[in-house]
Amino acid sequence: MDFHTFETMTTIEKYIKKPILPSKFADLVGLQYTATVTKEHKKGKGQFFTPSEISSFMGNIASKPKSKNISILDPGCGTAILTCSLIEKLIEFDLESIELTAYETDYKLFAYTEQSLQNLKIWLAEKRVEFRYTIIANDFIEDMAIALEKHKESFDYIISNPPYFKLSKDDKRVNLFQHLVKGQPNIYSFFMAVSVNLLKANGELIFIVPRSFASGQYFNSFRDYFFSHINLSFVHLFKSRNKTFDRDKVLQETLILKGCRIPSDKVIISTSEGLKDLKKPIEKEYDVSEIIDLKSKAKILHLPTTEFEEHVMLLFKSWNNNLIDFGIQISTGPVVSFDQGNFYLTHTKTQQFFWHRYIGCTM
Ligand SMILES: C[S@@+](CC[C@H](N)C(=O)[O-])C[C@H]1O[C@@H](n2cnc3c(N)ncnc32)[C@H](O)[C@@H]1O
């Protein structure tokens, strides 16, 4: 640890006058760290720290522990804010000991993570809960390709806000997961896929991730794999794209999911606009079969948030054909109209050039 880092951390302790929760401490440590690195550094590592409101929300949706001695995995832990929030919730249940395994690859961050976990340890000691932790400074995906057997079904809780960025085709990690990959994969889906095997049979997984995996062909194999092992029981959606990670100016549609390996019949879909109304989300319960067809190969996750969207979902499901049955092919992405010369000028009733403003509603 260099002098600058040490001085930065001691100032946190100086200006905290009254006791604060470990998650708040982790948040402050994260802010201090952020002031020492460039935006490019954070971006390169997919490093957007979870705001404390979201972190508390994620901790609070955890179910009652099945034992007084629990194990937690926090892959891509940052300053371990998620672990702190989870433990702040689980502590209500009279725990005796907690064993944490945290993964983080950013060496500039280690001293801050250590500071946050030491603070958590002191807080837990006051409550007479034994806390042991290990920070593993390896790539979570690569490490699990080697150490999966050792950690298989080891954790009662896996909580994560993994990095989000696309991996190039020649990335080592893509080779490890060829069977789940189509197109250019995003690292967050690998974090989710690996975690499936690390969860105990009665364990619980809580993730905040982009919602891009919920539909679309590129994630077909991933969804097939993930939903063949994990049963969703709760999904929270943020309606606004820019009101979740606004401190880091991230424009990303994210969702929070909770799942386990035990079959569940019902899923709660919860929604908020952003952070301000997160304490009063709107919730609705669905049969699992209403939002995901587990028998299908594509296993599309439907996420209606209004009655209108529910109606569209039902309408969509009532269609039994494919477009191809009607001789229609669809292609998305940029189309330059004047490059479609012949087609554009000679279109007939069955060959229409649809501009995207013609499509009034998307889901
Ligand atoms: C989106 S941030 C979230 C941090 C923290 N979990 C939170 O919620 O604030 C993801 C973290 O994962 C780390 N990371 C990136 N790639 C990783 C990898 N392959 N293995 C382990 N950690 C990684 C980044 O350095 C970053 O701190």
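In helix H4 (residues 52-60), the residues Ile54, Ser55, Ser56, Phe57, Met58 and Gly59 are buried, where a residue is buried if 20 or more other C-beta atoms lie within 10 Å of its own, exposed if 12 or fewer, and partly exposed in between, with C-beta atoms placed from the backbone. The cover over these buried residues of H4 includes helix H2 (22-34), H5, strand S4 (155-160), strand S5 (199-210) and strand S7 (254-260); helices (H or I, at least four residues) and strands (E, at least two) are DSSP runs, numbered from the N terminus. The model is a predicted one, in which local features need pLDDT of at least 70 and side-chain atom pairs count only at pLDDT 80 or more, whereas totals for chains, interfaces and linings use all residues. Residues are numbered from 1 along each chain as its sequence is written.

The secondary structure of the chain amounts to 13 helices and nine strands, and buried residues account for 35% of its 363 residues. Of the contacts between residues at least 6 apart in sequence, 77% join residues at least 24 apart, a contact being a pair of residues whose C-beta atoms, placed from the backbone, lie within 7 Å.

The largest nonpolar core has 78 residues, and those with the most contacts inside it are Ile72 and Val235. Helix H9 (residues 187-198) gives the most to this core, contributing eight residues. A nonpolar core is here a set of buried Ala, Val, Leu, Ile, Met, Phe, Trp, Tyr and Cys residues joined through C-beta atoms within 7 Å. When neighbours within four places in sequence are left aside, Ile72 is in contact with Thr83, Leu86, Ile98, Leu100, Phe155, Asp156, Tyr157 and Ile159. Phe155, one of these partners, lies in strand S4 and counts as buried because it has 23 C-beta neighbours inside 10 Å. With the same exclusion of neighbours within four places, the contacts of Phe155 are Ser71, Ile72, Leu73, Leu198, Leu199, Lys200 and Gly203. Phe155 and Ser71 are 84 residues apart along the chain, yet their C-alpha atoms are separated by 5.1 Å.

Helix H9 also packs against helix H7 (140-151), in that Phe140, Ile141, Met144, Leu148 and His151 of H7 meet Phe190, Phe191, Val194, Asn197 and Leu198 of H9. The residues of this contact divide into eight nonpolar, two polar and no charged, with Ala, Val, Leu, Ile, Met, Phe, Trp, Tyr, Cys and Pro counted as nonpolar, Asp, Glu, Lys and Arg as charged, and the others, Gly among them, as polar. The axes of H7 and H9 come within 10 Å and cross at roughly 10°, the axes being lines fitted to C-alpha atoms, for helices over the stretch in contact, with angles running from 0 to 180 degrees between N-to-C directions. H7 and H9 are therefore roughly parallel to each other, given that angles under 35 degrees count as roughly parallel, over 145 as roughly antiparallel, 65 to 115 as roughly perpendicular and the rest as oblique. Leu176, in helix H8 (residues 172-176), is in contact with Ile141 and Ala145 when neighbours within four places in sequence are left aside, and counts as partly exposed because 17 C-beta neighbours lie inside 10 Å.

Around the ligand there are 22 residues, of which Phe49, Thr50, Gly76, Gly78 and Asn161 come nearest; a residue is near a molecule or strand if its C-beta atom, placed from the backbone, lies within 6 Å of it. This shell divides into 11 nonpolar, seven polar and four charged residues, and helix H5 (81-90) and helix H7 each supply at least two of its members. Pro162, in the loop between S4 and H8, touches Pro75, Gly76, Ile187, Tyr188, Phe191 and Val209, not counting residues up to four places away in sequence.

Most residues other than glycine have a negative phi. Ala80, in the loop between strand S1 (69-75) and H5, has a positive phi near 65° and is buried, with 33 other C-beta atoms within 10 Å. Phi of Lys299 is likewise positive, near 40°; Lys299 is found in the loop between helix H11 (288-291) and helix H12 (307-318), and counts as buried with 21 C-beta neighbours inside 10 Å.

Terms used. Contact = placed C-beta atoms within 7 Å.
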